[in-house]
Amino acid sequence: MTLNVEETTWEPSDVVGVPKVQPWKYVVVYGRVVTFGLLQIAAVYGLYLAVTCAYWKTLIFNNIIQLMAAIGISAGNHRLWSHRAYKAKWPLQIILMIFTSMTYQFSIINWVRDHRLHHKYTDTDADPYNASRGLFFSHIGWLLVRKHPDVKKYGKNIDMIDIYGNPVLRFQKKSAELGNSTLNVSTWFIDLSAIIGLAYDLRTAPPNVIKSRKERTGDGTDLWGYNKTQ
C-alpha cells in the first residue's frame, strides 16, 4: 500500500531578480539562543560522562538513537521528502517520521520547505541558510534569528502540494504544535488510526467557532499560542 500523493514536478530554477545579500538587521530569537546553548552544554557534559563513567550499555543505546535520528533526517527529510529520490510505503514513512522527530529540527513540513527554498535560491537572501552570510549563519545562526523577509516572500513560490497532501507529515506537524495534540494521547491515537485507515471522517471545530468562543467566554490569555496561528 502506498500513500496517494499527487505527483508534482519540482526543479531548482534560476534566481534572477532575487537579491544576493543586502544589509539586514538580525532579529535574535533569545529563546532559541538559550535552548541551543543549553543543548551544547549538555552535549559537552554528556561527552565528559561518556569517557569517564558511562556504562557501555548507555553508550550503545546513545549510538543507536543517534543513528536512528541521522537516518530520519538523511533518508527521510532530505532524500525522500525534499528531493523525492525514492518512494516509500506508509509504514516506512511512519518510521522515518518517528526517527526525525528525535532531532529537534522542527516539523518535517517546515524542514522540506526551507530545503527546497535553499536549492531554488541558493546563496541569496531568499535562501534560509544563506552561506554568503558566513559559516556560522549557514549552520546554526539562521536558526537563532527571524527569517529574512525574502525567505517568507519567495517561500510562497515553492511547490509543496506533495508535502501538504501527505497525511504522515500533516500528523507530525500537527503533533509538533504545543496545545494541539502533543500532550493529548487520545488525539495522537485517533490521528494515527486515521493514517493507517482504521478511522475516518475526523472532525474538528472550525477556527471561526473557536475564535468566537474564545472572545465570548475567554479571559484574554493565549496559553496555547492560538493567536499566532491566525
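User: Why is Phe106 called partly exposed?

Analyst: In this predicted model, where local features need pLDDT of at least 70, side-chain atom pairs count only at pLDDT 80 or more, and totals for chains, interfaces and linings use all residues, Phe106 has a relative accessible area of 40%. Buried means under 20% relative accessible area, exposed means over 50%, and partly exposed is what lies in between, with a 1.4 Å probe and protein chains only, so 40% makes Phe106 partly exposed. Residues are numbered from 1 along each chain as its sequence is written, and side-chain values use heavy atoms, with hydrogens and water left out.

User: Where does Phe106 lie, and what is its phi?

Analyst: Phe106 lies in the loop between α3 and α4, and its phi is positive, about 65°, although Phe106 is not a glycine. Most residues other than glycine have a negative phi.

User: Which residue follows α2 with a positive phi, and what makes it partly exposed?

Analyst: Arg84 follows α2 with a positive phi near 50°, and Arg84 is found in the loop between α2 and α3. Its relative accessibility is 27%, and therefore Arg84 counts as partly exposed.

User: What makes Ser138 count as buried or exposed?

Analyst: The relative accessible area of Ser138 is 15%, and because buried means under 20%, Ser138 is buried. Ser138 lies in helix α5 (residues 135–139), where helices are DSSP runs of H or I with at least four residues, strands are runs of E with at least two, and both are numbered from the N terminus. Not counting residues up to four places away in sequence, Ser138 touches Tyr129, Asn130 and Ala131, contact meaning heavy atoms within 4.5 Å.

User: How do you know that the length of helix α2 agrees with its number of residues?

Analyst: The expected span of a helix is 1.5 Å times one less than its number of residues, so the 27 residues of α2 (residues 56–82) should span 39 Å, and the end C-alpha atoms of α2 are 36 Å apart, which agrees.

User: Where does α2 bend, and which of its residues are buried?

Analyst: The bend of α2 is about 25° and is found at Gly76, the bend being the angle between axes fitted to the seven residues ending there and the seven starting there. The buried residues of α2 include Gly76 itself, together with Ala69, Gly72 and Ile73.

User: Why are α2 and α4 called oblique to each other?

Analyst: Helices α2 and α4 (residues 108–120) pack at an angle of about 60°, with axes 10 Å apart; axes are lines fitted to C-alpha atoms, for helices over the stretch in contact, and angles run from 0 to 180 degrees between N-to-C directions. Angles under 35 degrees count as roughly parallel, over 145 as roughly antiparallel, 65 to 115 as roughly perpendicular and the rest as oblique, and α2 and α4 are therefore oblique. Among the residues making this contact are Ile73 and Trp81 of α2 and Trp111 and His115 of α4.

User: What makes α2 oblique to α3?

Analyst: The axes of α2 and helix α3 (residues 90–100) come within 7 Å and cross at roughly 120°, which makes α2 oblique to α3. The contact includes Met68 and Gly72 of α2, and Leu96 and Phe99 of α3.

User: How many helices and strands does the protein have?

Analyst: The secondary structure comes to 10 helices and 0 strands, and of the 230 residues of the protein, 31% count as buried.
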